[in-house]
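Reader: I am new to this structure and would like to learn how to read it, feature by feature. Could you take me through it slowly, giving the general idea before each case?

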Amino acid sequence: MVKESFSIKNSSEFAAVFENRCSASDGLIILFAKKTDRPTARLGLSISRKFGCAARRVRWKRLVREAFRQARPALGSGVDLVVVPGKHRRANRLEDFQKSFQKLIPVVAKKLKRDIITQIVE
């Protein structure tokens, strides 16, 4: 039995999400999305050393992963998300990231549906 992974690990998978150009931002995070055929939603994190020391980056990743874990039922299936820190970097509470996910997931979902419709028309 193979355990289902909820994370994006290959650079080619990250590149595919970035090339899709479907994104939304609220200042705290930038959320990139791509529709897939997988049965679950997956998360990828991309954070630069410019963000801060290792402890700060690890804390940011931990909070984003937890917010994603709680938002996963709302996502449904078949979507890959990559999260990048936004310009507003002062948030260090889980509630801030939860609010960002609640705000950005509907925006990205709407854009993904629009992209699917334009691909069918073309």
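This is a predicted model: local features need pLDDT of at least 70, side-chain atom pairs count only at pLDDT 80 or more; totals for chains, interfaces and linings use all residues.

Reader: Is T36 buried or exposed?

Author: Buried means under 20% relative accessible area, exposed over 50%, and partly exposed in between, with a 1.4 Å probe and protein chains only. With a relative accessible area of 18%, T36 is buried. Contact means heavy atoms within 4.5 Å, and T36 touches G78, V79 and D80 when residues up to four places away in sequence are not counted.

Reader: How many helices and strands does the chain have?

Author: The chain has 3 helices and 4 strands, and from the N terminus on they run α-β-β-β-α-β-α. Buried residues make up 37% of the 122 residues in the chain.

Reader: Which residues touch the most other members of the largest nonpolar core?

Author: A nonpolar core is a set of buried Ala, Val, Leu, Ile, Met, Phe, Trp, Tyr and Cys residues joined through side-chain atoms within 4.5 Å. In the largest one, which has 28 residues, W60, L81, V83 and F101 touch the most other members. The elements that give two or more residues to this core are β1 (22-25), β2, β3, α2 (54-75), β4 (79-85) and α3 (94-121), and the largest share, 7 residues, comes from α2. Leaving aside neighbours within four places in sequence, W60 is in contact with I29, L45, I47, F51, V83, V84, P85 and F97. Apart from this core lies another, of 6 residues, among them I8, F14, F32 and V84.

Reader: How many aromatic pairs does the structure hold?

Author: A pair of aromatic rings is described by the distance of the centres and the angle of the planes. Rings of Phe, Tyr and Trp (its six-membered ring) pair if their centres lie within 6.5 Å, and planes under 30 degrees apart count as stacked, over 60 as edge-to-face and the rest as tilted. The structure holds 3 such pairs. One of them joins F18 and F32, edge-to-face, at 4.9 Å centre to centre with 80 degrees between the planes. F18 lies in helix α1 (residues 11-20) and F32 in strand β2 (residues 29-35), so this pair ties together parts that are 14 residues apart in sequence. F18 counts as partly exposed at 31% relative accessibility, whereas F32, at 17%, counts as buried. Elsewhere, F51, W60 and F97 form one aromatic cluster.

Reader: Which residue has its charged end over the ring of F51?

Author: A charge sits over a ring if NZ of Lys or CZ of Arg is within 6 Å of the ring centre and within 35 degrees of the ring normal. The charged end of R56 sits over the ring of F51, 4.7 Å from its centre, and R72 lies over the face of F6, at 3.9 Å from the ring centre.

Conventions: Residues are numbered from 1 along each chain as its sequence is written. Side-chain values use heavy atoms; hydrogens and water are left out.
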